[in-house]
Amino acid sequence: MNINTEIAKTYIISNKKLTAVAAAGVVLGMSIYIFMNSMLVGFDKSSSASIFKTTSHIRVYKDDEISKVLVKNSKENYLIINPKIVPSNNTIINPKLISETILKQPEVTVVTPQVSVNVFYNNGKSQISGLAIGIKPEEANVMYNIKSFMAEGNFDLLKSNPNGIIIGSGIAEKMNAKIGDNINLTSSKSVNKTYKVVGIFKTNNSKVDKSNSYVNLASSQQLLKEGASYITDINVNIVDPEKAKAIAEKISNITGYKAEGWKEANETFMAANKMRKMIITFVSLTILLVAGFGIYNILNMTVSQKINDIAILKAMGFKGKDVIRIFVTQAVTIGIMGVIGGMIMATVLITFLKKVYVGGDIGYFPIDYEPTKYLQGVVIGLVITFFAGYIPAKKAAQVDPVTIFRK
């Protein structure tokens, strides 16, 4: 340990109260930064997991077409019509070939067709509206992991039973339906069909649980009076969901159909998520900066109190850079103590909140230990404390010992 470090150590020990206050400020700033950013990551993971229970990374479908303005090639006579949506069948032509083409892309992991039908669920006098989703059970389970949120019954029975149906827990509750009961569906094409309840799922998304159900793809086509080639959507999952927009554009160019990433399909959610990130980041960084200002004020006060000592040191041959090292060492030492304490405090907070059950669509509090956020907090905390010490240290280095002795 050199003489500069010894002097810095002496200043830290001799001003125990000021050192404790400065370190406490860093502890508070660090712990809140790590805690809030870990919570933000937890919210993102929880929200994404909830979305991906019913939404694929990319949806391929035939978009509505707008009629073009017609102008007659004459200088005197012309005809203009107002652009409108052209009535057309939204089925995808040759869906098998389209699916095979998409699956050949290296970024794609799962491709499965889907047909959604607006229906009324009927059970005696009870009737509620909802959405029957026609799927290929095996492929849909790989994509959405439906088995993971099955509350009752056996998902595999849907494949073996062409007239089977898996309903949301909200539908089951409203219609008093249990495993093995029959439930009647009336489609928008006035087709009535009776299904046997083989399973009940619960996503913890109340809107989905109260309206959605799963049936075999062929059953959904029958409800719409369509043949086996009728497919309205092709759902795609990719390796990295964050790259959905770019890959969707690529798929759209290859297939000629509209391909929409999950972020574009949930713009309101993404906007709210972006705003939440900005607020949490701003608040956590502000608290760290406040802690940095605390260290700056304390070291600035120390410089004022030790001005005579600094003058004596410089008179003895200490250079300006030695004085800077003394006070920067003091600041960084306080920063290290605060960083370690902040990590411990953040870990305690996260451990406690992980066990808190908030219920609803969330379940347990969505937070976990995020090593990246710990590392970010350490780096930012040390950088702030370094500069908080460097600024007053530079001021101390410029002290003229002759001027001080004259006073």
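Axes are lines fitted to C-alpha atoms, for helices over the stretch in contact, and the angle between two of them runs from 0 to 180 degrees between N-to-C directions. I start my notes from that, and I keep in mind that this is a predicted model.

**Entry 1: helix packing around α13**

I looked up α2 against α13 to begin with. Helix α2 covers residues 16-51, and its axis comes within 7 Å of the axis of α13. The two cross at roughly 40°. That angle makes α2 oblique to α13. Angles under 35 degrees would count as roughly parallel. I also noted the hand: α2 passes α13 in a right-handed crossing.

Next I took α1. This helix spans residues 3-14, and α13 spans residues 320-354. Their axes lie 8 Å apart, at an angle of about 50°. The crossing of α1 past α13 is right-handed.

Then I turned to α14, which runs over residues 371-397. What angle do α13 and α14 make when they pack? I read about 155°, with the axes 8 Å apart. The pair is therefore roughly antiparallel. The cut-off for that word is an angle over 145 degrees. α13 passes α14 in a right-handed crossing.

**Entry 2: salt bridges**

I asked how many salt bridges the model holds. The count comes to seven.

D233 sits in strand β9 (residues 233-238) and R59 in strand β1 (residues 58-61), so the bridge ties together parts that are 174 residues apart in sequence. Is D233 buried or exposed? D233 has 7% relative accessibility and counts as buried. R59 is at 34% and counts as partly exposed. The limit for buried is under 20% relative accessible area.

E138 and K159 came next. The side chains of this pair meet in a salt bridge at 2.4 Å, N to O. E138 belongs to helix α4 (residues 137-144) and K159 to helix α5 (residues 157-160), so parts 21 residues apart in sequence are tied together. I checked the exposure of both. E138 is exposed, and K159 is exposed too.

D368 and K354 were my last pair. The closest N and O atoms of this salt bridge are 3.3 Å apart. D368 lies in the loop between β12 (363-364) and α14, and K354 lies in helix α13, so the pair ties together parts that are 14 residues apart in sequence. D368 counts as partly exposed at 33% relative accessibility. K354 also has 33% relative accessibility and counts as partly exposed.

**Entry 3: along α14**

I went back to α14 and looked at its side chains. Which residues make the nonpolar surface patch of about 450 Å²? I list L375, V379, V383, F386 and F387. V379 lies in helix α14. V379 is partly exposed, with a relative accessible area of 45%.

T385 is in helix α14 as well. I found T385 at 2% relative accessibility, which counts as buried. The C-alpha atoms of T385 and Y296 are separated by 8.0 Å, and the two residues are 89 apart along the chain.

**Entry 4: positive phi**

I then checked the backbone. Most residues other than glycine have a negative phi. I noted two asparagines with a positive value.

N145 is not a glycine, yet its phi is positive, at about 55°. Where is N145 found? I place N145 in the loop between α4 and β4 (150-153). At 41% relative accessibility, N145 counts as partly exposed.

N176 also has a positive phi, near 55°. N176 lies in the loop between α6 (169-175) and β6 (182-187). N176 is at 58% relative accessibility and counts as exposed. The limit for that word is over 50%.

Terms used: Residues numbered from 1 in each chain as written. Predicted model: local features only at pLDDT ≥ 70, side-chain atom pairs only at ≥ 80, totals over all residues. Heavy atoms only, no water. Patch = residues over 30% accessible without salt bridge, like charges linked within 9 Å, V, L, I, M, F, W, Y side chains within 5 Å. Areas by Shrake-Rupley, 256 points an atom, 1.4 Å probe, with all protein chains shown as cover. Salt bridge = Lys/Arg side-chain N within 4 Å of Asp/Glu carboxyl O. Helix = DSSP H or I, 4+ residues; strand = E, 2+ residues; numbered from the N terminus. Buried < 20%, exposed > 50% of the residue type's maximum accessible area, 1.4 Å probe, protein only. Left-handed = near helix turned anticlockwise from the far one by under 90°. Parallel < 35°, antiparallel > 145°, perpendicular 65-115°, else oblique.
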